[in-house]
Amino acid sequence: MSEFLQGLNLVSNPATFLWCAFGAVLGIILGALPGLTATMGIALVIPISYQLDTATGIGLLLAVYCGAVSGASIPAILLGIPGNPNAIATIEDGQLMTKKGLAGQALGGAVVASLIGGLGSEIFLIFFSPLIAKMTLAFGPAEKCTLALVGIVIIAAV
């Protein structure tokens with residue numbers, strides 16, 4: 001619990017909040033432009049994050065990624081063109097709702113779904129990351145080789 005409070009103390013800096021807000025807006029803009037993925041957004045912001053404190057820089061990168069993933073639904077709903085590959089499924093329902101004149105509800109639903117998914121995964125990560133870290137540190141060479149082979153077999157099967 002003390003580690004969680006120390007991390008919360010690092011993040012509670014006002015500069016971190018401002019950089020995260022900037023990153024979220026930039027991420028939404030990058031995600032809304034078809035062809036600019038969340039990964040490319042992070043690649044564009046990495047030079048800026050080097051100039052910041054560690055917690056602030058990581059917060060900026062996370063905000064850009066989350067904003068880009070959420071912003072990718074905008075062109076998917078309005079134009080039928082996914083901003084990122086992860087917005088392909090949004091085209092089906094979003095385009096139908098846009099054609100019925102419910103584009104605002106479709107965009108609002110996409111934002112709310114992104115918020116719920118993001119917060120849910122964040123809560124899961126907060127509670128289970130120590131357990132996952134202990135499990136990964138227990139991996140030896142045999143387990144890593146097996147994991148790589150299973151990955152190759154799954155890729156070949158697909």
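I began with Gln95, which counts as buried because its relative accessibility is 17%, buried meaning under 20% relative accessible area, exposed over 50% and partly exposed in between, with a 1.4 Å probe and protein chains only. I noted that this is a predicted model, in which local features need pLDDT of at least 70 and side-chain atom pairs count only at pLDDT 80 or more, while totals for chains, interfaces and linings use all residues. Residues are numbered from 1 along each chain as its sequence is written, and side-chain values use heavy atoms, with hydrogens and water left out.

**Entry on Gln95.** I placed Gln95 in helix H6, residues 90-99, where helices (H or I, at least four residues) and strands (E, at least two) are DSSP runs numbered from the N terminus. Setting aside neighbours within four places in sequence, I found Gln95 in contact with Ala76, Ile77, Leu78, Leu79, Gly80 and Thr90, contact meaning heavy atoms within 4.5 Å.

**Entry on the whole chain.** I looked up the elements next, and the protein chain has eight helices and zero strands. Its C-alpha atoms fill a box of roughly 55 × 50 × 30 Å, taken along the principal axes. Of the 158 residues, 23% count as buried, and the chain exposes about 10600 Å², of which carbon and sulfur atoms supply 76%; these areas come from the Shrake-Rupley method with a 1.4 Å probe, and for residues only the protein chains shown count as cover. Among contacts between residues at least 6 apart in sequence, I read that 53% join residues at least 24 apart.

I found Ser73 in helix H5, residues 73-78, and Ser73 counts as buried because its relative accessibility is 9%. Beyond residues up to four places away in sequence, Ser73 touches Ala87, Thr90, Leu107 and Ala110. Ser70 has its place in helix H4 and counts as buried as well, because its relative accessibility is 16%. With neighbours within four places in sequence left aside, Ser70 is in contact with Val111 and Ser114. I also looked up the separation of the C-alpha atoms of Ser70 and Leu107, which are 37 residues apart along the chain, and it is 9.9 Å.

**Entry on Ala148.** I turned to Ala148 in helix H8, residues 141-157, which counts as partly exposed because its relative accessibility is 42%. The C-alpha atoms of Ala148 and Ile28, 120 residues apart along the chain, are separated by 34 Å.

**Entry on the largest pocket.** I noted a volume of about 1400 Å³ for the largest pocket, a pocket being, on a 1 Å grid over the protein atoms alone, an open set of points where a 1.4 Å probe fits, with protein on both sides within 12 Å along at least five of seven lines, and lining residues having an atom within 4 Å of a point. Of the 33 residues that line this pocket, the closest to its centre are Leu62, Gly118, Glu122, Leu125 and Ile126. Helix H1 (2-11), helix H2 (14-32), helix H4 (54-71) and helix H7 (103-137) each supply at least two lining residues, and H7 gives the largest share, twelve residues. The volume is the space filled by probe spheres set on the grid points, which are joined across faces, edges and corners.
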